[in-house]
Amino acid sequence: MKKGQIYEGIVDKIEFPNKGILMIEGTKVMVKNAITGQKIRFSVSKMRKGKVEGRLLEVLEPSHLEDRAAKCPAFGPCGGCTYQTMSYENQLKMKAEQVERLLAPVCTEYEFLGIQGSPSEWEYRNKMEFSFGDEYKDGPLALGLHKRGSFHDIVVANQCKIVHPDYNLILSCVLTYFSEKGTDFYHRLSHTGYLRHLLVRRAAKTGELLISLITSSQENLDLSELRDRLLGLNSDGSKESANCLEGSIVGILHIVNDSLADVVKSDETNILFGRDFIREELLGLSFKISTFSFFQTNSLGAEVLYSVAREFVGETKDKLIFDLYSGTGTIAQILAPVAKKVIGVEIVEEAVEAARENAKLNGLSNCEFIAGDVLKVIGSIKDKPDLIVLDPPRDGIHPKALDRIIDYGVERLVYISCKPTSLVRDLVVFQERGYRVEKVCCVDMFPETVHVECVVLMSRVEK
Ligand SMILES: C[S@@+](CC[C@H](N)C(=O)[O-])C[C@H]1O[C@@H](n2cnc3c(N)ncnc32)[C@H](O)[C@@H]1O
């Protein structure tokens with residue numbers, strides 16, 4: 001095989017997250033975004049240390065798993081969804097198999113509880129971050145998601161199906177407004193221009209909408225007309241519903257961000273209307289969510305995830321629980337009513353403040369939240385936990401933090417993971433140091449995409 005050569009073949013399987021695997025002339029080849037059973041044409045793009053990667057050129061024949069048409073007109077070019085042509089049943093089966101295959105070499109004799117689906121397959125996201133740009137070089141202003149595999153090109157996402165239609169009305173309103181005004185977007189290479197991102201949060205339970213326009217400081221535009229146009233989308237009960245929001249806008253923010261990196265952050269926030277947070281409800285508790293605080297992106301899915309975690313945690317009466325990587329303290333607050341005390345540790349100060357405020361709103365006095373790096377903080381907590389819940393970011397747990405967590409020697413640990421490859425790496429260490437994997441349950445929080453969450457119950461076997 002040589003770089004640049006073109007081959008055809010049938011995809012054998014998909015390895016997490018989106019690696020289509022084929023055997024070509026006895027060599028294993030990985031082609032991203034190819035689906036099991038598809039006949040594809042690809043070009044060899046990388047050959048290193050015996051590993052061969054290919055770039056998908058064309059799907060010659062669809063897979064038997066692709067049993068329906070994609071719902072979104074932007075499916076394919078848009079980098080958001082990968083599996084819209086597979087029925088949800090097939091997606092769930094595939095994700096469960098991927099996790100089982102990853103676990104097989106490292107865990108034996110555990111109970112695999114399969115996968116629980118998202119209660120809503122579509123319109124499930126409570127947050128979406130859209131980027132300004134153009135669909136092709138020097139094309140008209142676009143607002144949407146990055147084109148698959150592209151740093152620059154944007155696909156207009158005004159018919160996105162994994163968000164509520166309210167997002168699409170808001171996106172179209174903002175895009176039309178700035179197109180009419182001829183406002184330029186922020187060019188990521190030259191660092192010139194104004195429009196950067198549009199961040200929309202919509203609470204599934206309350207329908208509250210928070211809209212944040214993120215720009216550079218390179219222009220000083222009066223945004224009151226845009227604000228009024230957006231507020232005009234709020235239903236007053238007299239208009240045609242197709243052009244009105246179902247939820248209601250509770251806040252419109254203008255955030256200035258001059259960071260050179262392509263990240264959404266704030267150097268300065270101006271409230272153009274209302275307040276700077278929405279309220280969401282999960283499992284009977286109420287949560288205040290601001291623009292930047294971490295909150296599970298699928299609210300109804302989060303209820304499933306937390307219910308599985310709560311079941312795995314088991315008996316908590318008179319127990320001190322550590323909720324490590326606690327975000328806005330959702331897990332801590334769900335466990336607190338049935339525990340002696342819960343201590344959450346989270347690195348983002350703003351999230352910790354939100355967690356404290358949310359606990360107060362929910363009338364919980366036995367939750368404590370500590371701001372800091374788990375690695376540094378846990379050694380300084382005087383109390384010893386009876387149980388630990390872990391929900392680290394995608395990279396998993398820092399090896400030194402992992403050692404300290406294991407040193408507590410708690411009887412039971414529940415590990416929630418948003419990236420099974422990191423989970424598997426950490427499980428090896430837990431098992432080497434005296435823990436046994438009892439149960440694993442997957443939860444699909446992101447239908448149509450490559451992601452899958454896992455909840456793992458471990459118990460201590462060596463004292
Ligand atoms: C997957 S989220 C989980 C949040 C929360 N458990 C929830 O369900 O909403 C991971 C969290 O870990 C936090 N985090 C990342 N690195 C950390 C560290 N070294 N120490 C403490 N928290 C960290 C992130 O800010 C994020 O809020």
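Colleague: Let's start with arginine 356: in which helix is it found?

Modeller: Arginine 356 is part of helix 6, which covers residues 349-361. Helices here are DSSP runs of H or I with at least four residues, strands are runs of E with at least two, and both are numbered from the N terminus. Bear in mind that this is a predicted model, where local features need pLDDT of at least 70 and side-chain atom pairs count only at pLDDT 80 or more, while totals for chains, interfaces and linings use all residues. Residue numbers run from 1 along each chain as its sequence is written.

Colleague: How is the protein divided into domains?

Modeller: Domain bounds come from an automatic or database domain assignment. In this case we get domain 1 (6-61), domain 2 (92-120 + 290-460) and domain 3 (127-282). The C-alpha centres of domain 2 and domain 3 are separated by 32 Å. Their contact takes 10 residues from domain 2 and 13 residues from domain 3. For residues, contact means C-beta atoms, placed from the backbone, within 7 Å. Helix 4 supplies the largest share of domain 2's side, 5 residues.

Colleague: What about the core: which residues have the most contacts inside the largest one?

Modeller: In soluble globular proteins, nonpolar side chains tend to be buried together. A nonpolar core is a set of buried Ala, Val, Leu, Ile, Met, Phe, Trp, Tyr and Cys residues joined through C-beta atoms within 7 Å. The largest one here has 131 residues, and Leu305, Ala309, Val414, Val455 and Val456 have the most contacts inside it. Helix 4 gives the most to this core, 8 residues. As for valine 456, leaving aside neighbours within four places in sequence, it is in contact with Val414, Tyr415, Leu423, Val437 and Val440.

Colleague: Now the ligand. Which residues around it come nearest?

Modeller: A residue is near a molecule or strand if its C-beta atom, placed from the backbone, lies within 6 Å of it. There are 21 residues around the ligand, and Phe294, Tyr325, Gly327, Ile347 and Asp391 come nearest. Helix 5 (330-335), strand 18 (341-346) and helix 7 (374-377) each bring at least two residues to that shell.

Colleague: What does UniProt list as "binding site"?

Modeller: UniProt positions are given in the numbering used here, feature names are shortened, and annotations may be inferred rather than shown by experiment. The unreviewed entry lists Gln296, Tyr325, Glu346 and Asp391 under that heading. Glutamine 296 sits in the loop between strand 16 (285-290) and helix 4 (299-313), and it is buried because 23 other C-beta atoms lie within 10 Å. Tyrosine 325 is in the loop between strand 17 (320-324) and helix 5. Beyond four places in sequence, its contacts include Glu346 and Asp391, and it counts as partly exposed because it has 19 C-beta neighbours inside 10 Å.

Colleague: Which residue does the "active site" annotation cover?

Modeller: That one, also from the unreviewed UniProt entry, covers Cys418. Cysteine 418 lies in the loop between strand 21 (412-417) and helix 9 (420-432). Not counting residues up to four places away in sequence, cysteine 418 touches Arg394, His451 and Glu453.

How values were computed
Buried ≥ 20, exposed ≤ 12 C-beta atoms within 10 Å, placed from the backbone. Contact = placed C-beta atoms within 7 Å.
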